Amino acid sequence: MRAAPGDAEARLLLARAAAARGRPAEAIAAGLRALALAPGRADAVALLSALLAGRRLEGLTLEPDEVRAVTAALRHPEADPQAFAGLAAGHLTARDPFGHAARLAAGAGAGAGGDAAAAWLLSPKGRRALADPLLAALLERAINTDPQLEAVLTAARRRLLEAAADAAQGADGAAALWHRREVAGFAAALAHQALSNEFVFAETPEETARVGAVADALARRARPGRGDEPVVLAWGLYRPLDRLPVADALLAARAAFSPAVAALIDRAVGERREEARLGEAVPDLLPARDAVSVRVRDQYEENPYPRWTRLRLPRPGGWRDGLAPFFAADELAALGPAPRVLVAGCGTGRQAIAAAVRYGPEAEVLAVDLSRASLGFAVRMARHHGVGNLRFARADLLDLPALGRRFDVIECSGVLHHLGDPAAGLRALVACLAPGGAMRLALYSARARRHVGAVRAELAADGLPTTPEAIRAARQALLASDGAPARAVVATFRDVFSLSGCRDLLFHVQEHRFDPPGLAALLAGAGLDFRGFVLAPETAAAFARRFPEPARRRDLSAWADFEARHPDTFAGMYDVWCRGPA
Ligand SMILES: C[S@@+](CC[C@H](N)C(=O)[O-])C[C@H]1O[C@@H](n2cnc3c(N)ncnc32)[C@H](O)[C@@H]1O
């Protein structure tokens, strides 16, 4: 029976109603039905992106039409593909054909299981699993956060490298594997995944040696061409293609390669070259002088974070709706029709680009950061999104008052807790805020990060360096540590699944964490009036059940009580709006 268009509409209404009542599982199930009934429907994709983001979904089974819908959603321009990653990986590992490889990996002992899974997957028997469109969409568009899937992918990568290295040395039969179309397609998708997660998978010393041999083989090619695809892909599975001496030759010869490899070269070499150019052109307002800022800058120069691929743009000019729960009508009106906005510590630009759209084309948005590599990425993405009212500059936010500029709104998310003295950073921002201006801050919660704090302390005690090798090794130990409660929890965090995320989460050179009394003192010390937290509907509903009087929403002692009972409430940081001195 064919579904009537109204069925999708009805499911969407159900999904929205369930979300508003704080029932995410019900909302997701209804949203998925809507998407399956009307694949590619932009509002369903957008709603599901918001509902799924950051959620772990245990035991959710997908119908075939839902699998197709999720595959399409991963590639949809309105989607946040990362939101669909858990769903996609959960389905792949639970259901055949790919589920067979996952069971093989889980069945035998560690390592051996992965090898058995990879052997099956790359044999003709694994053809359907290898060519699964959901797998390709997940690998190309998102970062996998499922350890079981990672075990299979890690072993498959090893096998592909062996075959490419052997083929480069003329070994009989080794090239045959690469000649199979589904193998080459899978290898290209896996190389996208490796680029996205910054080569975070475990690597054995033998693999490191083989990667070196592959690099030697490539160095001998003055003009790489289609016949070199296995070695190009093998390198791209382990290292950034733009670091190859022949990187520019690859880019120049991209048309000679298959479309999948050409797309990989565009992303891995073309985009990185563009970011470097754009980053160099970002004006230097104020060079970092503070010692902690210099160390933080160096970390983000090496590992810009977060590297993102897609952004679901907010409604242009829709900023007042977001601020209305926190500010009186006259306070909002005083911010003007086109506010001057500062995004302090904009990183790779996601927040700044969304802000530039949300505050409307007439608003002037300035976004600053310490890291030129992050800014280069941000400028490229801003151009890609066609945002014209956003300027980027390099500056330490501590020095911003010297510019003598005032802003009606300041947003600073995930930044102040990385300063040596967050209170000094906040005072600097307040000095740049127009009288009665609005400020949005996001800061780490000590309670929500209690497990991260414990793991960080252990790693710091080990005195580990922050090289990719050391981070990979520490991460493997974390993923393997059965039974240690803090480690087991942290091992499920999305940041663990990319190298820059891992570094940001566990190896950051500077991290402060707050609690509600500390937050109250920080804000009061800077003369800011706390106006409330930005909350998921289910959190708002749970808080209202415990503290029914609306005024308590602005009472940080009530929040201290609530957070003690619900310690993971602020896993995504304290996200607060406050008002500056009049
Ligand atoms: C975790 S990232 C967050 C980026 C962005 N706000 C977001 O939410 O995606 C932290 C960023 O703060 C920047 N940062 C840290 N200290 C800073 C300072 N003193 N001045 C300017 N930027 C700073 C870092 O360079 C880094 O890019």
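**Close-up 1. The ligand and Asp 396.** A nitrogen atom of the ligand is placed 2.8 Å from an N or O atom in the Asp 396 side chain. For Gln 351, the distance from a ligand nitrogen to a side-chain N or O atom is 2.9 Å. Gly 345 takes part through its backbone: one of its polar atoms there is 2.7 Å from a ligand nitrogen. These are pairs of N or O atoms within the 3.5 Å polar-contact limit; within protein, one atom must also be able to donate a hydrogen and the other to accept it, and residues adjacent in sequence count only if both atoms are side-chain atoms. There are 18 residues around the ligand, and the nearest are Gly 345, Gln 351, Asp 369, Asp 396 and Ser 413 (a residue is near if one of its heavy atoms lies within 4 Å). Keep in mind that this is a predicted model, where local features need pLDDT of at least 70, side-chain atom pairs count only at pLDDT 80 or more, and totals for chains, interfaces and linings use all residues. Residue numbers start from 1 along each chain as its sequence is written, and side-chain values use heavy atoms, with hydrogens and water left out.

Close-up 2. Glu 331 sits in helix H19 (residues 329–334); helices here are DSSP runs of H or I with at least four residues, strands are E runs of at least two, and both are numbered from the N terminus. With 13% relative accessibility, Glu 331 is classed as buried (under 20% relative accessible area; exposed is over 50%, partly exposed in between, using a 1.4 Å probe and protein chains only). Leaving aside residues up to four places away in sequence, Glu 331 touches Arg 531 and Arg 579, with contact meaning heavy atoms within 4.5 Å. Its side chain also makes a polar contact with the side chain of Arg 531, at 2.8 Å.

**Close-up 3. Helix H5 crossing helix H6.** The axes of H5 (residues 85–94) and H6 (residues 98–107) come within 5 Å and cross at roughly 80°. Axes are lines fitted to C-alpha atoms, for helices over the stretch in contact, and angles run from 0 to 180 degrees between N-to-C directions. So H5 is roughly perpendicular to H6, a label that covers 65 to 115 degrees (under 35 is roughly parallel, over 145 roughly antiparallel, the rest oblique). H5 brings Leu 92, Thr 93 and Ala 94 to the contact, and H6 brings Phe 98, Gly 99 and Ala 102. In the loop between the two helices you'll find Pro 97, joined to Asp 96 by a cis peptide bond with omega about 10°.

**Close-up 4. Helix H9 against helix H12.** H9 (residues 133–141) and H12 (residues 181–196) pack at about 35°, with axes 6 Å apart. Contact residues include Leu 135 and Leu 139 of H9, along with Phe 186 and Leu 190 of H12.

**Close-up 5. Two positive phi values.** Most residues other than glycine have a negative phi. Glu 198, with phi near 55°, has a positive value; Glu 198 sits in the loop between H12 and helix H13 (205–219) and is buried at 12% relative accessible area. Met 573 also has a positive phi, about 85°. Its place is the loop between helix H29 (556–565) and strand S8 (574–579), and with 22% relative accessibility Met 573 is partly exposed.
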